[in-house]
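Dear colleague,

I am handing over the structure that we spoke about, and I would be glad if you could look through it alongside the notes that follow.

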Amino acid sequence: MFRYVRWMALLSGLTAAPVLGATALQCVPYARIVSGVEIYGDALTWWDQAQDHYKRGSIPKKGAVLAFRPVGPMTLGHVAVVSRILDDRRVLIRHANWSSPGAIEEDVLAIDVSDAGDWSQVRVWHSPTGQMGARINPTFGFIYPAKAKLHPFTPDPALGSSLRYASAGAGTGDGEDGAEAAPLPRAATRVASVQTHAMVAAVSPKPAAPRRKAAPRIEADPFIIEYADNSPSDRSLGDVIADVKRESLMN
């Protein structure tokens, strides 16, 4: 009897652990639910796991999972779901735990910056600063689900605490599949979340314009010096600023 009670107590504790631990929502469960791609394990393993189970490629498609390679402190990689194709070089994505711990960002911009135009390198929208992130992120490519469908995501304490940023692609949804984000006002919007509330602004990315040189907004972007998934960087602020300036001159 004692052994039975002890095991029941242990199982009960394991069941409650995700809720009581107050961990942040990770990119993997979010991408799995939204895309319907049934792959488990760290994001960096998704590309290899998809072989022989899902088609893979370098062309963005709605509902496909974009698998990011590990880079720097982002040792576990990242996964995001394509929600809309804008053109050959621009898509909107939905993902979690990118700009801040547990943050859900829906229909935000991702741009292909690879020389070959094969989506092997991308830059991603950063919601807290309302602009594209400065870092170039290498990717494996796209994993295509059996059926291209965007599934709604409901915050769940068992998956970790989260906050939802207003869509940066507000008003661009086509209503298909019943999972597109509804248009949001371009104003400060109170966003309900699991275990937390945050005041965020709904910001729409500007349409592509002719390329021209411009000074990087170093002073306004303390967040974009971080890698994805909020992993801390061991590089100094001076090194990061130098990289951004160098990139601006190259462009």
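Asp107 and Arg94 form a salt bridge (a side-chain nitrogen of Lys or Arg within 4 Å of a carboxyl oxygen of Asp or Glu), with their closest N and O atoms 2.8 Å apart. Asp107 belongs to strand 5 and Arg94 to strand 4, so the pair ties together parts that are 13 residues apart in sequence; helices (H or I, at least four residues) and strands (E, at least two) are DSSP runs, numbered from the N terminus. Both Asp107 and Arg94 are buried, where buried means under 20% relative accessible area, exposed over 50%, and partly exposed in between, with a 1.4 Å probe and protein chains only.

Please bear in mind that this is a predicted model, in which local features need pLDDT of at least 70 and side-chain atom pairs count only at pLDDT 80 or more, while totals for chains, interfaces and linings use all residues. Residues are numbered from 1 along each chain as its sequence is written, and side-chain values use heavy atoms, with hydrogens and water left out.

A search of the whole structure gives four salt bridges. Another of them joins Asp112 to Arg89, the closest N and O atoms being 3.3 Å apart, and this pair links distant parts of the chain, since Asp112 is in strand 5 (residues 103–112) and Arg89 in the loop between strand 3 and strand 4 (90–96), 23 residues apart. Asp112 counts as buried at 3% relative accessibility, whereas Arg89 is partly exposed at 33%. Arg90 also forms a salt bridge, with Asp87, at 2.8 Å between the closest N and O atoms, and Asp87 is partly exposed at 31% relative accessibility.

Just after helix 2, Gly36 takes a positive phi of about 80°.
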